[in-house]
Amino acid sequence: MKEFGYQRALDVPGALALLDADADARFLGGGTNLVDLMKAGVERPSRLVDVRELPLDRIEPTADGGLRIGATVTNSDLAAHPGVRRRYPALAQAVLAGASGQLRNMATVGGNLLQRTRCGYFTDVTKACNKRVPGSGCPAVEGEHRNHAILGASSHCVAVHPSDMAVALAAFDAVVSYETAGGPGELPLTEFYLPVGGTPHLETALPQGALITGVTLPPAPVAALSRYRKVRERASYAFAIGSVAAALDVRDGVTREARLAFGAVASKPWRARAAERVLTGAPADAGTFAAAADAELAAAEPLPHNAYKVTLMRNLVVAVLTGLAEEAAR
Amino acid sequence: MAPPPSSAFDSSITLNINGDKHTLTVDHRTTLLDALRERLDLTGSKKGCDQGQCGACTVLLDGRRAVSCLQLAVAAEGRAITTVEGLSDEGQLHPVQQAFLDLDGYQCGYCTPGQICSAVAVIEEHAAGWPSAVTEDVRPEAGPPPLSAEEIRERMSGNLCRCSAYVSIVQAVARAAATVQAEPATAAPAGAEEAAA
Amino acid sequence: MTTAATTRKSAVGTAHTRVEGYDKVTGAARYAGEIPFAGLAHGWLVLSTVARGRIRSVETAEVLAMPGVLTVLHHGNAQRLNTGYIGLMGVPDPTCAVFQQDRVPFMGWPVALVVAETSEQAREAAEALVVRYEEEPHDIAFAADRPDVYLVDQGPAPAETGKGDVAAGLAASAVVVDAEYTTPEEFHHPMEPHAATARWDGDLLDVVDSNQGATWVVSELANLFSLDPASVRVRSEHVGGGFGSKGVRAHQVAAVMAAAALRRPVRVVLTRRQMFSLTGYRSPTIQRLRLGADADGRLRALEHSSVSLTSTVYEFLEPAAAASRALYDADAHHTVNRVVRLDVPTPSWMRAPGEAPGSFALESALDELAEKCGIDPIELRVRNEPERGPVSGLPFSSRNLIACFREGARRFGWADRDPRPGVRREGRWLLGTGTASACFPVIAWPSTAAVTAEADGTFTVRIAASDIGTGARTALTLVAADALEVAPDRVRVRIGDSNFGPATIAGGSMGTRSWSWAITAAAAELRERLASGAGIPPEGITVRSDTTEAVGALSEKERHSFGAQFAEVAVDVATGEVRVRRMLGIFAAGRIVNPLTARNQFTGGMIWGISMALHEEAVRDRASGGHYGADLAGYHVATHADVPHVEADWIDDPDPDDPVGIKGIGEIGIVGAAAAVANAVRHATGVRHRSLPIRPDRVILAGAGGTADAGGTGTVRGTGTGAAGGTGAAGEARA
């Protein structure tokens, strides 16, 4: 790890001023990903601007019945919040499925959104990686890619986004708020992450120097009946190999509204809109659920060693939606 | 006495550890774990992976468990730090420590301080009503889940034990939780009141 | 001596909390990297970034100018070491004899040590050090059919054993199993990374490190540095796990070298990532089992062949086929261990070397045979109990395998088991149970011990033993108490210091047995001395023992611990998740010294079996020759949530030739455990998994394809029609 400067910001304007448009400076939140990547030599910031103590640690109801989550709210506080647990249970479940109790106490909502892929080529500076060193190549395509993307990837990068929280946020139409020296801005979470294309090193649509200040969840009555399920190679404390966030509003056996997002299958949390279209207005039965999964996964382009993910996601979608439909019928 | 910062890459800080104030100058790269172990001779917190992947370095920050290997020391200034050395009181073991000792909740002992700090926090998090990934119904109306072996296992999963003393660790946490619950209510983790409101 | 001795309860066999327990739960116990040294400097190893080639240059100038940097050691300036010796474990692995050559034989080979005032400075300088290589193409393609696979003896044991005609035996068999099983590269990963601090005091070398045997480390360092062993002291009071990985490694040698160069104490601690190439690992194995049996399951032919790998610089054998040399007999019996040399780091002993992967293959094959014969897996083992060692022809010192199965079956509820695969469902989970045998050799090596009667009526035992988490320190206290006929609280056992005299290692499940023997011998003589009635002088009365003669006089026998493993699993074939629901192990493993710590050690081994069955696998990247995901997030070991209630117990089985009756319990717990889990997965799903670990993708693909076999290249071929009432072709239940 190379030497770096450290400053602590106490308010948002101060944080932006301290960053001072320095492309080599980084905001430090919980540090659970950034400090690790600095030790690995993947991140080599000149300065850290500590934003953990910014007054962005509240979860508050919005006027229209949604929730506004501050960027420095810890993952633990997000998952423990009664409003989140009551109105967006899949979000609480997603957060609780991630990392460990220790890491959730440290990690912030803003940092969670900005965490980098855990692709083993990206985190190992002795290996090539287009995301870390643009143009150096992607060894995963010909090499180890059992846990890589099946949707939306390119030949330049097949890494997946590691966040569980963001999958639920994507399902619930969350909007990311940020501040820049030039003023505030907003990005829907589904547009927050850039397509991979030929530029895997460009990960988000955040302007240079912007600071995430919060995430807004619009009101979503459908989310009251929601679930997050995560499959991994160890029962806990492991990244997903596939996950689903789903919400269902079923009346008289017909799906009136559905929300569906996939994790660990793409470079971003994957909102499954094609599947949602199949579900909406159709009978809430296993046949429809499978057809919905197939509609979404028709675009899948698996590699030789991750084709199982297509089956996994199809099975997960059917299992989770079936469970929700049964719950709705109770 | 700590020398003054010599460059933009050092800072003079005061750390509040186990109720004592320690002033020292740290290289910004120094993690809280390295500051504890290499600067302050508090070697109870262990370095198992240095990457937040094993939990051996778990300490309490403002009453909440955290991995000290990913916590920069300079960023820990102003926070109340509790390490395993701060859990026992005048030689009187914390109920979690006593249960680990009595039920053989360890083998080599290297992950033990982290397991113990984590367990102390698990019991408090549970008492504060926090759900976990194995809690069937996370809605607040469902009420807190009982601290079953399954709940303990999930909540303790951030602490690896390669000797695999998991069976007796879980027994020790369960016994300690019962002991703690029998005692006067302990403080909930900082911020829990707000979250539970 | 107290006259109450005759009525005193035996300490051995009574649960006792660890004597160092208070220190471990309060954080007071100090491990190797935690002992303060005045003027300490920090070393950081630099490892090769190519898998094969030569070092062209090590560009030290820029790094030496960095803040705090004291020196950079590499092959161009390092002191010459003596590697022409045969040590306790054979010739030295050149990986440990650091900086002696410009050749790079694998990715992660130590090429330099950067020493600086602080660890942060050392780390940054090590990362900044530019090493230029002349890279050569590497070969890491592990396969059983390579032409360069060759036979390797396992120490005194031959590479190949055989009797009878296997081909004829198979041809005459009503039922045949012929299958290939694979196990991946697996790592010890003790929680405490390897650490050593070296300090020269004139001509005396003082090393504090984390090891499984101070005597061993002293002799290796003395040989490498051409020193009188009496001038080397190695201490390791607390050791944060070992599992076979903590012998002499590159970091100790580099620390000694740097301490000599700088004339100040130097500490070198390995990072978790560095442990992937410098501390050994369990070689992957490709094993083929050929079993031929009569319709009633009695074996006519047993053939177990195994291929493992080693580095190009050191010949290490993972003797997986040896697992078949003591368990089952057949008129035609053949075992063979082969190895292939690749551009990879040197593997090493890892908890139950040979037996752990070997028992997975053998005990899976037995399960396949039982199913094909249509007989219960336990009954199959009963029918194949040998009278004498199948290969050696020697009698068993004691063999209580079937007693373990009977007790285990009773407690596990085996009698109620429906043998049909794939028919029990609970929600999304398919349920199944499996069993397997466990067998591990019993050995003893010579040791010395000193026991002192102190003037205050207490006793001090000094022995260069190592407690790597086994509970040895406590066990030895109980053994000494009984031998001295006093209460354990009057005995203080000091270990982990080479100054206490030669003693064997904490390895091969022989530590507590071998050390106890020495302590018992010294205590007996001390009691005789004290019985003469002479007073105890202020310095106490010390008696030393040496068991070289006694251990050497052991008659040749088949000496083993045995056990029966039982597992119940739940499998969701839609998502590929496998969860172990419960596990029971019943062992016949000699006299149990401390039931509290022994149970923990047995269950720990069994959990290693769960971890091996479901999680552990280091993945090598073909293109670079290095690992993919070389950390504890990439290399999964079981965590709390993976481990259900695991129960271990034992039957009375004292070793008749050991003074205390001990056999050794460090490794038997893992043997057969992975097979029991895999057999349970087969019972749950109808799919036979012959490649470990049983990952979700493998379960999903097997489920989706409706195939009989998953993961491996193996198949089962039934050549006979004599199978009575079997379930027919494997996998039918899944179709």
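## Domains of chain B

Domain bounds here come from an automatic or database domain assignment. The model is predicted. For chain B, the assignment gives domain 1 (10-86) and domain 2 (95-185). Taken over C-alpha atoms, the centres of domain 1 of chain B and domain 2 of chain B are 22 Å apart.

The two domains touch. Domain 1 of chain B brings 14 residues to the contact, and domain 2 of chain B brings eleven. On the domain 1 side, strand S3 (58-61) and strand S4 (64-67) of chain B each supply at least two residues. S3(B) has the largest share of that side, with three residues. By class, the side of domain 1 of chain B that touches domain 2 of chain B holds six nonpolar, five polar and three charged residues.

## Domains of chain C

Chain C is assigned three parts: domain 1 (41-137 + 190-271), domain 2 (150-186 + 281-442 + 557-734) and domain 3 (445-552). The C-alpha centres of domain 1 of chain C and domain 3 of chain C are separated by 33 Å. Their contact draws 16 residues from domain 1 of chain C and 15 residues from domain 3 of chain C.

Look at the domain 1 side of this contact. Helix H5 (214-224) and strand S12 (232-235) of chain C each give at least two residues to it. H5(C) gives the most, with four residues. The residues of the side of domain 1 of chain C that touches domain 3 of chain C split into five nonpolar, eight polar and three charged.

## A record for chain C

An unreviewed UniProt entry lists residues 26-137 of chain C as "domain: Aldehyde oxidase/xanthine dehydrogenase a/b hammerhead". In the model, this span is 13% helix and 31% strand. The end C-alpha atoms of residues 26-137 of chain C lie 51 Å apart.

## A four-stranded sheet in chain C

Chain C has an open sheet of four strands. The order is S21-S20-S19-S22 (chain C), and the pairing is mixed. Strand S21 (491-494) and strand S22 (541-546) of chain C are at the edges. Each has a single partner strand, so one side of each has no neighbour in the sheet. From one strand to the next, the twist averages 15 degrees.

Strand S19 (residues 448-453) of chain C runs antiparallel to S22(C), and six bridges join the two. In this pair, C:Ala453 stands opposite C:Ile541 in S22(C).

## Helices on the sheet

Helix H11 (residues 472-484) of chain C lies across S19, strand S20 (459-462) and S21 of chain C. H11(C) runs at about 135 degrees to S21(C). Helix H12 (residues 511-531) of chain C also packs on the sheet, where it touches S19, S20 and S22 of chain C. The direction of H12(C) makes about 35 degrees with that of S19(C).

## Where chain C meets chain A

This contact takes 31 residues from chain C and 26 residues from chain A. On the chain C side, helix H3 (119-128), strand S24 (577-588) and helix H16 (696-705) each supply at least two residues. H16(C) gives the most to this side, with five residues. By class, the side of chain C that touches chain A has ten nonpolar, ten polar and eleven charged residues.

Terms used. Residues numbered from 1 in each chain as written. Chains lettered and ligands numbered in written order. Predicted model: local features only at pLDDT ≥ 70, side-chain atom pairs only at ≥ 80, totals over all residues. Pairing = 2+ DSSP bridges. Axes fitted to C-alpha atoms, helices over the stretch in contact; angles between N-to-C directions. Contact = placed C-beta atoms within 7 Å. Nonpolar A, V, L, I, M, F, W, Y, C, P; charged D, E, K, R; others polar. UniProt positions renumbered as here; feature names shortened; annotations may be inferred.
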